[in-house]
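Please open the structure in a viewer and follow the selections below in order.

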Amino acid sequence: MGLLRPVYRESEMKKLSKKAGIAIFTTGMAILAVIILIYHNPLADQQDELLKKGIACALIAAAVIAFVLLYDKITVLPRELYQNRRLIWKLAKSDFKKRYAGSYMGMFWAMVQPVITVALYWVVFVVIFPNRAGYASGGVEDVPYILFLTAGLVPWFYFSEALTSAMMALLEYNYLVKKVVFKISILPIIKIIAASFIHCFFVVVLLVIAAIYGYYPNLYTLQIFYYSFCMFAFVLAISYTTCSVVVFFRDLQSIVNIFLQVGMWATPVLWNINSFGLRVQMFVKINPLVYIVEGYRSAVYGRQWFWEDFYSTVYFWIITVVLFVVGALIFKKLKIHFADIM
């Protein structure tokens with residue numbers, strides 16, 4: 001039980017004043033708005049660029065207004081996560097070990113299924129239907145389909161595992177939910193961190209496959225850390241909504257599983273987004289996961305920094321922040337009923 005007892009230091013208990021918090025957030029948003037207005041892409045259509053700038057600035061203004069009005073409700077969750085950071089890390093390691101306790105093969109089973117999935121796709125597209133590999137990968141020059149495929153599947157496996165486990169965190173740890181003194185807000189992030197351990201293994205597998213085909217790690221490869229953090233933040237933002245709703249609506253688990261099956265094909269995991277026209281690409285890029293999947297490929301065998309795709313980067317983080325705020329508000333509103341339902 002000592003592991004479950006949050007320990008706060010005096011320095012951690014000191015809260016940032018509301019005025020200071022609002023000032024910092026508003027200043028950051030103002031700087032972002034200025035960067036967006038100054039940024040210019042000479043290759044882009046001017047009308048489209050003005051439209052993107054207008055939408056981005058409108059979203060930033062709405063974010064500032066919402067933050068000022070809902071400051072107390074929005075900041076509760078980030079503050080709890082920060083104050084319990086050491087406990088979160090300990091519980092995440094414990095959860096990862098517990099998941100495979102009692103199994104002879106242990107963590108091997110967590111790694112074998114995704115590896116077999118990659119192998120099956122490789123056999124189908126490269127061995128059985130070799131002509132389909134070029135079509136599926138969009139004719140990416142000099143990039144073997146197995147590398148193209150693995151670079152898309154690695155982030156998708158991370159998203160799928162982290163989302164499903166974080167969604168069920170409250171139900172799995174229902175005995176902790178009923179404890180008045182325990183901060184249940186840390187449960188989803190524990191599951192996501194546990195999923196990150198397996199993800200690190202697959203990133204190594206991806207880099208080994210890339211090296212076999214002559215794509216050795218370089219400075220661009222460091223972006224994998226950035227895109228992994230993007231996925232971590234995006235799943236965390238979604239999980240507070242899903243883990244709250246699934247307590248009252250258990251069918252959500254089945255709905256999410258169907259979404260993951262469809263989403264794998266709606267996201268350019270097995271196919272290349274550049275195979276389609278610009279209008280179709282813009283529609284597909286509404287899905288924030290496109291930014292991450294394409295980012296992994298750029299990090300492994302591409303030659304593009306994440307800030308070069310400026311508007312996609314801004315769009316991704318705006319969507320992620322909005323989802324986190326919505327999730328935090330839903331979680332705060334519903335958590336008083338969790339113990340009664342369970």
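**Pockets and cysteines**

By class, 26 nonpolar, ten polar and ten charged residues make up the lining of the largest pocket (Ala, Val, Leu, Ile, Met, Phe, Trp, Tyr, Cys and Pro count as nonpolar, Asp, Glu, Lys and Arg as charged, and the others, Gly among them, as polar). This is a predicted model, in which local features need pLDDT of at least 70, side-chain atom pairs count only at pLDDT 80 or more, and totals for chains, interfaces and linings use all residues. Residues are numbered from 1 along each chain as its sequence is written, and side-chain values use heavy atoms, with hydrogens and water left out.

Select Lys52, Met282, Lys285, Asp309 and Ser312: of the 46 residues lining the largest pocket, these lie nearest its centre. A pocket is an open set of points on a 1 Å grid over the protein atoms alone, where a 1.4 Å probe fits, with protein on both sides within 12 Å along at least five of seven lines; lining residues have an atom within 4 Å of a point.

Next, select Phe25, Phe67, Ile74, Val321 and Val325, which lie nearest the centre of the second largest pocket, among its 27 lining residues. This lining divides into 23 nonpolar, two polar and two charged residues.

Finally, select cysteine 57 and cysteine 200. Cysteine 57 counts as partly exposed because its relative accessibility is 22%, in the range between buried (under 20% relative accessible area) and exposed (over 50%), with a 1.4 Å probe and protein chains only. Cysteine 200 is also partly exposed, at 47%. The count of disulfides is zero, a disulfide being a pair of cysteine sulfur atoms within 2.5 Å.
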